[in-house]
Amino acid sequence: MPVPDGGLQMQVKAWHKEGSKGGTAMSEADLQHLSDSKFKRLCGVSRDTFAQMVEVLRPHLEREGQRGGQNKLRTQDQLLVTLEYWREYRSQFHIGTSWGVHEIAVGQIIKKVEDLLVKCGKFRHRVNAPCINLDGSGKSW
């Protein structure tokens, strides 16, 4: 079915133009259309956990009206940068290119978000979780 006035072609051109500047990452607003299971599959946390993390981070990451630089990314997007780093093991250079920020900024975002989430004490990463059952059945969970 043809798109009136070449709308699809204009959208593709806009996407390519935006992509050439490195803005190809999906922001939190772009993820709203995903089902809960797909959101968790993509981000590694449920929507509820994501919202709780944002509430913990927001007072510390939103610097509007304060001295010093305001981060280019919103609080939700800074959390997504960190979750992307944890989940996908991409280099900070590649993540920075996707989000349109310098790799040093990505490292600073990750460090700050990790420190704030650990400090609040509400969240923990299951580092030492066994990959197989220890009952001898050999079934993975």
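A disulfide is taken here as a pair of cysteine sulfur atoms within 2.5 Å. By this criterion the structure holds zero disulfides. C43 is buried, with a relative accessible area of 5%, and C120 is partly exposed, at 33%; buried denotes under 20% relative accessible area, exposed over 50%, and partly exposed the range in between (1.4 Å probe, protein chains only).

The model is a predicted one, in which local features need pLDDT of at least 70 and side-chain atom pairs count only at pLDDT 80 or more, whereas totals for chains, interfaces and linings use all residues. Residues are numbered from 1 along each chain as its sequence is written, and side-chain values use heavy atoms, with hydrogens and water left out.

The chain has a mean pLDDT of 76, with 65% of its residues at 70 or more. Helix α1 (residues 7-20) has the lowest confidence, a mean of 39, and α5 the highest, 95. Over residues 5-22 pLDDT stays under 50, and the model has nine contacts beyond four places in sequence for this stretch; a contact requires heavy atoms within 4.5 Å.

The chain has six helices and zero strands, where helices (H or I, at least four residues) and strands (E, at least two) are DSSP runs numbered from the N terminus. Of the 141 residues, 27% count as buried. Among contacts with a separation of 6 or more, 55% are between residues 24 or more positions apart.

Apart from neighbours within four places in sequence, F50 is in contact with E28, F39, V45, Q76, L79, L80 and L83.

Helix α6 (residues 103-120) has 18 residues and reaches 26 Å from its first C-alpha to its last, close to the expected 26 Å at 1.5 Å a residue; the expected span is 1.5 Å times one less than the number of residues. Its buried residues are V106, G107, I109, I110, V113, L116 and L117, and these pack against α3 (47-61), α4 (75-88) and α5 (92-99). Just after α6, G121 takes a positive phi of about 80°.

Note on methods
pLDDT is the predictor's confidence in each residue, from 0 to 100.
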